Amino acid sequence: DVAFYVFADDRLVYRPLQDDDFYSLTGASGGGYTVNLKIDYKQLAVNPDSPDRIAMRILAVANMNTSGTDPYAYPQLDYGSSYAQVIGELDREKFSLPATWDPANLSSATGRGIYIPMFGTAVFQVNPKELYDTETWQTIYLGSVSMLRAVVKVELLDGIADRDAEGFPKVVDAWLDYSVVNGMLLPADALTYINGSQVDKNNLGDAGETQVRNMRSFTGTLTHTVNGTSLRETLTIFRSYCPEQSISSTAPCIRLKVQPSASTPEAEWLDYTIPLEGYNGKPFGFVSLYRNHIYRIRVNSVNIGVP
C-alpha cells in the first residue's frame, strides 16, 4: 500500500483516495517506481503568466500496514492543509512486524505483511506555464523521491576462520532479540527531512515484551577492504529486521548457536549471546540502531566451551 500527498506552495492539493482516473503506479522493488497522478484544477489555480515558480512537494508513505490491516488507513486531511499539518497526523502512525514478516519472502498471494514501511519527500520548483499547459497526454516530470526504509537490518556473519576439514565449528542458528516492539512510520525530524539523506536520530516506538526474531540464513558474497586491497568473500549470513532501537547492555542482542563438530550431538551445541552494545568489554560503537541502516556483526572465532 502507498499514499501520496502533493503540495503546491505548502497547500495540500492532492491526497490519498481522491478521485483520480489517471493515477498509475508502475515498476518493481529495486528498480524504482513511476507514479502518474492528476491534480484537480479546482485545488490548484495556476497563473501561467506569473514570474514566480511554484514549489511542488511530494510526500510518499508506503507499507504502513505490515500486519495486513486496512491498506487505505492513511490520514485524510482537508485540501489546503500545510505540510506541517500532514506530518503532524502521520507522525502518530506506527507499524509492527509480525512473527513471520520477512521482506525476502514474497510467497504471499496478496503481498501484504511482507513489505518494508517507507517514507520520502522532495520539493521541486516548477514553471507555472509548464504546469498550466499539462494534459493527460502532456505531463510534467517533477523528479525523483528517495524512499527511506523505516526498519533496521541486522546481519550476523559466520566468518570463523579456524575450521576442520568438514567445515566446523560453524554457526547453525541465530536470533535477534529487541525491546522496542513498534516502529514509527516517519523518521525523526520528518518536517525538515531532505530528500535522499540518512538519519542520525531515532524516532522510537513503544517498548514492550522482548521480541525474538529468527534470523534467516543464506550464503552471500560481501566485498570489504583489507590493507587497501578489495576482497570478495562468500560466507553464511544470518539476517533479520527490527524497528529503530536504543541500545543498552542487554538489548538488543544476537543469540547464536554453534555446532563444534560434525559428530557433536545437538544437545551439546554451544549458545552465545552478543549484545549490540559490545562484546567482552569491547564496544561496537553503535549508539542506537537507526532506520535505513545495516548493522553487521562478524564472528571470527569461537572459544569452544566458553559462552
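Predicted model: local features only at pLDDT ≥ 70, side-chain atom pairs only at ≥ 80, totals over all residues.
Me: How far apart in space are tyrosine 290 and valine 152, C-alpha to C-alpha?
Reply: Val152 is one of the residues that tyrosine 290 touches. In sequence the two are 138 residues apart. In space, C-alpha to C-alpha, their separation is 6.2 Å.

Me: Is aspartate 158 buried or exposed?
Reply: Aspartate 158 belongs to strand E9 (residues 152–158). Buried means under 20% relative accessible area. Aspartate 158 has a relative accessible area of 5%, so this residue is buried.

Me: Which residue has its backbone nitrogen 3.0 Å from a polar atom of the side chain of aspartate 158?
Reply: Two backbone nitrogens are worth a look here. That of isoleucine 160 lies 3.3 Å from a polar atom of the aspartate 158 side chain. The one at 3.0 Å belongs to valine 171.

Me: Where on helix H1 do its buried residues fall?
Reply: Helix H1 (residues 83–90) has Tyr83, Val86, Ile87 and Leu90 as its buried residues. Seen down the axis of H1, they fall within an arc of 100 degrees, so they line one face of the helix.

Me: Which strands do the buried residues of H1 pack against?
Reply: Those buried residues include Val86 and Leu90. Their packing partners are strands E1 (2–8), E2 (11–14), E5 (54–62) and E7 (118–126).

Methods
Residues numbered from 1 in each chain as written. Heavy atoms only, no water. Buried < 20%, exposed > 50% of the residue type's maximum accessible area, 1.4 Å probe, protein only. Helix = DSSP H or I, 4+ residues; strand = E, 2+ residues; numbered from the N terminus. Arc of directions from axis to C-beta. Contact = heavy atoms within 4.5 Å. Polar contact = N/O pair within 3.5 Å; in protein donor to acceptor, adjacent residues only side chain to side chain. Lists of a residue's contacts leave out its neighbours within four places in sequence.
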